[in-house]
Amino acid sequence: MGTEDRNERIWRVVAAIPPGRVMGYGQVARRAGLGKAARLVGRALREAPDALDLPWHRVVRADGSIAFPPGSPLRAEQVRRLRREGVEVNAGRVRMPRIRDEADLDRLLWGEP
DNA sequence: TACTTGACCGTAT
DNA sequence: CATACGGCCAAGT
């Protein structure tokens with residue numbers, strides 16, 4: 001599997017995150033079938049074409065913190081977008097529930113059983 | 001080829 | 001709660 005394939009799989013997963021919910025980098029990697037390649041997710045998002053219009057702001061660290069350094073423009077932008085969706089962000093960490101596992105994501109995407 | 005870098009994670013303390 | 005550490009893995013130098 002080449003780099004492009006991996007990126008596309010990652011982008012697909014990120015694009016599926018519903019508004020108001022967030023996923024961790026490692027979580028996205030696992031869901032994309034890339035095991036523990038959490039760092040690849042950050043790379044893929046960095047290299048993602050703007051035209052894809054991905055909801056990249058819905059991807060945070062495993063502990064809920066924002067990956068960008070304090071004071072950076074991207075950090076501010078991510079917080080802005082999350083709050084606009086009703087996600088609480090305190091001290092650079094999200095409070096809204098994260099998507100826990102595949103069953104959770106499936107439920108969100110396909111509706112309650 | 002060898003070493004460093006980073007939108008990271010899980011576990012231990 | 002927070003911090004520390006080892007593990008991870010492709011790209012860049």
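Two exercises with worked solutions follow.

This is a predicted model, where local features need pLDDT of at least 70, side-chain atom pairs count only at pLDDT 80 or more, and totals for chains, interfaces and linings use all residues. Residues are numbered from 1 along each chain as its sequence is written, chains are lettered from A and ligands numbered from 1 in the order in which they are written, and side-chain values use heavy atoms, with hydrogens and water left out.

**Exercise 1.** Work out which helix supplies the largest share of the surface near DNA strand B.

*Solution.* For detail, a phosphate oxygen of DNA strand B sits 2.9 Å from a side-chain N or O atom of R61.

**Exercise 2.** Find the aromatic pair and say which parts it ties together.

*Solution.* Rings of Phe, Tyr and Trp (its six-membered ring) pair if their centres lie within 6.5 Å; planes under 30 degrees apart are stacked, over 60 edge-to-face, the rest tilted. Searching the whole structure gives one pair. W56 and F68 are edge-to-face, 6.3 Å centre to centre with 85 degrees between the planes. W56 lies in the loop between α3 and β2 (59–60) and F68 in the loop between β2 and α4 (73–84), so the pair links parts twelve residues apart in sequence.

How values were computed
A polar contact is a pair of N or O atoms within 3.5 Å; within protein, one must be able to donate a hydrogen and the other to accept it, and residues adjacent in sequence count only if both atoms are side-chain atoms. Helices (H or I, at least four residues) and strands (E, at least two) are DSSP runs, numbered from the N terminus.
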